[in-house]
Amino acid sequence: MKKRKTERWWKCSLCGYTVQLTEPPEQCPGCKQTCAFTDVTCYTPECGGSGNIDPKLMGGGNT
Ligand SMILES: [Zn+2]
């Protein structure tokens, strides 16, 4: 039996680009830098489950 990889949402720490992949990309498609990607996948029913981005993680920071 094969395990299905779960797709997650990744956000570039530099430009804020978000992409849905099983693993974070080595190079950001947005700013073409090798940057750190943050997992912004939703893990609560509030934002609709793992197929969605958690708006709380996206909005975190200096607002
Ligand atoms: Zn980027």
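1. Let's start with the hairpin. Strands E1 (residues 8–12) and E2 (residues 18–21) run antiparallel and are joined by 4 bridges; strands count as paired if DSSP finds at least two bridges between them. Tryptophan 9 sits opposite glutamine 20 in E2. There are 5 residues between the two strands, and in this hairpin glycine 16 has a positive phi near 85 degrees.

2. A word on what you're looking at: this is a predicted model, where local features need pLDDT of at least 70, side-chain atom pairs count only at pLDDT 80 or more, and totals for chains, interfaces and linings use all residues. Numbering runs from 1 along each chain as its sequence is written.

3. Overall, the chain has 1 helix and 3 strands, in the order β-β-β-α along the sequence. Both are DSSP runs numbered from the N terminus: helices are H or I with at least four residues, strands E with at least two.

4. Now the core. Trp9, Trp10, Cys12, Cys28, Phe37 and Val40 make up the largest nonpolar core, 6 residues in total, and E1 gives the most to it, with 3 residues. A nonpolar core here is a set of buried Ala, Val, Leu, Ile, Met, Phe, Trp, Tyr and Cys residues joined through C-beta atoms within 7 Å.

5. As for burial, 16% of the chain's 63 residues count as buried, that is, with 20 or more other C-beta atoms within 10 Å of their own, C-beta atoms being placed from the backbone.

6. Cysteine 12 is worth a look: leaving out residues up to four places away in sequence, it touches Tyr17, Cys28, Gly30, Cys31, Cys35 and Phe37. Contact means C-beta atoms, placed from the backbone, within 7 Å.

Note on methods
Buried ≥ 20, exposed ≤ 12 C-beta atoms within 10 Å, placed from the backbone. Contact = placed C-beta atoms within 7 Å.
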